[in-house]
Amino acid sequence: MTAEFDCCECGHHTVLVGAGSVPAPPLCATCLTLPGWFRHPEARTAIDPDHDGLEAWERTGPLGGADGRL
C-alpha cells in the first residue's frame, strides 16, 4: 500500500511506499528527525534551498494575506 500526504510542518508532499496509513501527526522524515529545519537558513540551504521558510499553515492559513503570510 501507499500513503500520500503533505507534511503538516514544512508542507512537502510525501509518499510512503509500503505504509498502511498516513502517520499521525503527518510529518515527513525530515521534520520528524529535525523539527523546524526550514526556519534555519543554513539547514534550509542544505536540505531544500527552494523552501520559503514558512510552516505549512502560514502559507495557507485563514488569517494570511494574498501571499499567505501573516
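The model is predicted, so local features need pLDDT of at least 70 and side-chain atom pairs count only at pLDDT 80 or more, while totals for chains, interfaces and linings use all residues. Residues are numbered from 1 along each chain as its sequence is written, and side-chain values use heavy atoms, leaving out hydrogens and water.

Let's start inside. The largest nonpolar core has 7 residues: Cys7, Cys10, Leu27, Cys28, Cys31, Trp37 and Phe38. Such a core is a set of buried Ala, Val, Leu, Ile, Met, Phe, Trp, Tyr and Cys residues joined through side-chain atoms within 4.5 Å; buried means under 20% relative accessible area, exposed over 50%, and partly exposed in between, with a 1.4 Å probe and protein chains only. Setting aside neighbours within four places in sequence, Cys7 is in contact (heavy atoms within 4.5 Å) with His12, Pro26, Leu27, Cys28, Cys31 and Ala56.

Next, the backbone. Most peptide bonds are trans. Ala24 and Pro25, however, are joined by a cis peptide bond, with omega about -5°.

Now for the charged side chains. The structure holds 2 salt bridges, each defined as a side-chain nitrogen of Lys or Arg within 4 Å of a carboxyl oxygen of Asp or Glu. In one, Arg39 meets Glu55 at 3.4 Å, N to O. In the other, Arg39 meets Glu58 at 2.8 Å, N to O. Through shared partners, Arg39, Glu55 and Glu58 form one network. Arg39 is partly exposed at 37% relative accessibility, and Glu55 is partly exposed at 21%, whereas Glu58 counts as buried at 15%.
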